[in-house]
Amino acid sequence: MVLASVFFTACTMPETKIYSLYVPVDQVQLKSGGDESIIILLKSARHLSQPYIASRNSPYRIDISKYARWDSAPGKMINEKFHEFLRATGLFKEVRTGSRIIPEGFYAFEITLESFERIDDSNGYFGELVFDARLLSPGGDQLYSAAISKKVRLRSSDNLDLAKGLSVALEEGIREVMNGIAGLITPVY
C-alpha cells in the first residue's frame, strides 16, 4: 500500500524544466591584435548563485521555483556571456574568468549582479536584469563604470518568455558595456 502511494505521488510531480539564455555573439569584432589580458570577476547575491528561477511579486519576497531552473546559475551564465563577447572583440589576447586574484599585468572587469528575475506586479510581467560593471587598468585605476538596468515586458508568467526576455536584456546590457569600453583599450601592434 505504501509502495503504491509513493509510486502514484512520484508520477503526479511536475517535471523539471531547464531554461537557458541565447545571446548571439555575431558581428562583434571591434579590433584585432590586442596584446592585453583581462580577467572577469563576478559577484552576485546568494539567490543568484543557484540555478533556480526567481520571481518577485512584492518588494519583500522572492519566490524560487522548485521545478524550473536555469541551465546554470545566473551569475555563471552572465560571466560566460561576457567572456564570449570579450574574446570576440579582439581587444584582448587572453580573457579569463576567475576568483578574486588578479594576475599581474591584467585588466580586471568586475561585474556585480544584483537582479536577474521575473517581476509580477499590477502592470504585468517583466524580466529584470540589473548589474554594475567596472573596468580596472592593470595598475588598479578605474577606466570605466556603468550601472546597467534593463526591464523587459513579458507576454506571460511563462519561464520560456522569461528566458527570451532576459536574453534580450542581457544582449542589450552587454553591448552597452562593450561600446563603453571599446574606445578605452588600444591594442599594441
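**Figure 1. Lys81 is a buried lysine of helix 2 in this predicted model.** Its relative accessible area is 14%. That value counts as buried because the cut-off is under 20% relative accessible area, with exposed over 50% and partly exposed in between (1.4 Å probe, protein chains only). Lys81 belongs to helix 2; helices (H or I, at least four residues) and strands (E, at least two) are DSSP runs, numbered from the N terminus. Beyond its neighbours within four places in sequence, Lys81 is in contact with Leu21, Val23, Leu170 and Ile174. Contact here means heavy atoms within 4.5 Å. Lys81 also forms a salt bridge with Glu84, with the closest N and O atoms 4.0 Å apart. The term requires a side-chain nitrogen of Lys or Arg within 4 Å of a carboxyl oxygen of Asp or Glu. Glu84 and Lys81 are three residues apart in helix 2, so about one helical turn separates them. Glu84 is partly exposed, at 33% relative accessibility.

Residues are numbered from 1 along each chain as its sequence is written. Local features need pLDDT of at least 70 and side-chain atom pairs count only at pLDDT 80 or more, while totals for chains, interfaces and linings use all residues; side-chain values use heavy atoms, with hydrogens and water left out.

**Figure 2. The protein chain has three helices and eight strands.** Along the sequence, the pattern reads α-β-β-β-β-α-β-β-β-β-α. The protein chain has 189 residues, and 43% of them are buried. Among contacts with a separation of 6 or more, 70% join residues 24 or more positions apart. The chain exposes about 10,400 Å². Carbon and sulfur atoms supply 51% of that area. Accessible areas come from the Shrake-Rupley method with a 1.4 Å probe; for residues, only the protein chains shown count as cover.

**Figure 3. Strand 6 pairs with strand 2, strand 3 and strand 7.** Two strands pair if DSSP finds at least two bridges between them. Strand 6 is mostly covered, with 13 of its 16 residues buried. Strand 2 (residues 36-44) runs parallel to strand 6, and eight bridges join them. Here Ile40 stands opposite Phe109. Strand 3 (residues 52-58) also pairs with strand 6 in the parallel sense, over two bridges. Ser55 has Arg118 of strand 6 as its bridge partner. Strand 7 (residues 124-136) is antiparallel to strand 6, with 13 bridges between them. Ile119 stands opposite Phe126 in this pairing. Strand 6 and strand 7 form a hairpin, with two residues between them. In a regular strand, side chains alternate between the two faces of the sheet.

**Figure 4. Phe82 and Phe109 form a tilted aromatic pair.** The structure holds four aromatic pairs. In this one, the rings lie 5.1 Å centre to centre, with 50° between the planes. Rings of Phe, Tyr and Trp (its six-membered ring) pair if their centres lie within 6.5 Å; planes under 30 degrees apart count as stacked, over 60 as edge-to-face and the rest as tilted. The pair links distant parts of the chain: Phe82 in helix 2 (residues 74-89) and Phe109 in strand 6 (residues 106-121), 27 residues apart. Phe82 is buried, at a relative accessible area of 0%. Phe109 is buried too, at 0% relative accessibility. Phe82, Phe109 and Phe131 form one aromatic cluster.

**Figure 5. Phe92 and Tyr107 form an edge-to-face aromatic pair.** Their centres are 5.9 Å apart, with 70° between the planes. Phe92 is in strand 5 (residues 92-97) and Tyr107 in strand 6, 15 residues apart. Phe92 and Tyr107 are both buried.

**Figure 6. The charged end of Lys151 sits over the ring of Phe126.** The distance to the ring centre is 4.9 Å. A charge sits over a ring if NZ of Lys or CZ of Arg is within 6 Å of the ring centre and within 35 degrees of the ring normal.

**Figure 7. Arg56 forms a salt bridge with Glu117.** The structure holds nine salt bridges. In this one, the closest N and O atoms are 2.8 Å apart. Arg56 lies in strand 3 and Glu117 in strand 6, so the pair ties together parts 61 residues apart in sequence. Glu117 is buried, with a relative accessible area of 3%.

**Figure 8. Arg61 and Asp63 meet in a salt bridge.** Their side chains are 2.9 Å apart, N to O. Arg61 is partly exposed, with a relative accessible area of 44%. Asp63 is also partly exposed, with a relative accessible area of 26%.
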